Amino acid sequence: MKNIVLIGMPGCGKSTFGKRMAKRLQLPFYDADSVLEEREQRTIKSFFAESEEAFREAETRTLAYLAECDGAVIATGGGAVKRAENMELLKRSGVVVFIDRKPENIIGCIDGDARPLLAADKQKIYSLYNERIALYRRYADYTIDNNGDFGRVLHELLNIAAKLEG
């Protein structure tokens, strides 16, 4: 089975839905940011302290590693779409699902400390969304609107997985 790759904004639910989906389907789950920190032996925050470019290089190495998986659920970082190379790697072995959650629904749910690009200003979520939305749409094989109905979003994700199996 192909990998199921979840893309979307920070706070859209990639990790939350990915974990639940993987558990239901009995597939391995990988959060790309956690894998990056484990493989690189550095925190994301330390990469960003150096430069965003340093982080993006490490992210690409991590996504190349994860693209070698087979039949896994992979939650990417929100900016993975910023490099075409990342998405080409992931699309070779996976189906890409964009979880679209509007910034106004994300802003109250995000922890700026855990998200370096939003640490100084949570309002930046709006400019990030505007900067990335066309990329999310371009790379997505499927799009799911996350308007807060957890059960519906999970159901749609499981339906996509069923299509891949059948």
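**Sheet and helix packing**

Q: In which sense do β2 and strand β3 (residues 73-75) pair?
A: In this predicted model, local features need pLDDT of at least 70 and side-chain atom pairs 80 or more, while totals for chains, interfaces and linings use all residues. Residues are numbered from 1 along each chain as its sequence is written, and side-chain values use heavy atoms, without hydrogens or water. Strands are DSSP runs of E of at least two residues and helices runs of H or I of at least four, numbered from the N terminus, and two strands pair if DSSP finds at least two bridges between them. Three bridges join β2 to β3, and their sense is parallel.

Q: Which strands stand at the edges of the sheet?
A: The open sheet of five strands has parallel pairing and the order β2-β3-β1-β4-β5. Each edge strand has a single partner, so one side of it is left without a neighbour in the sheet; these strands are β2 (29-31) and β5 (142-145).

Q: How is α2 oriented to α4?
A: Helix α2 (residues 32-40) and helix α4 (residues 52-66) pack with their axes 9 Å apart, at an angle of about 100°, where axes are lines fitted to C-alpha atoms, for helices over the stretch in contact, and angles run from 0 to 180 degrees between N-to-C directions. Angles under 35 degrees count as roughly parallel, over 145 as roughly antiparallel, 65 to 115 as roughly perpendicular and the rest as oblique. The angle therefore makes α2, relative to α4, roughly perpendicular.
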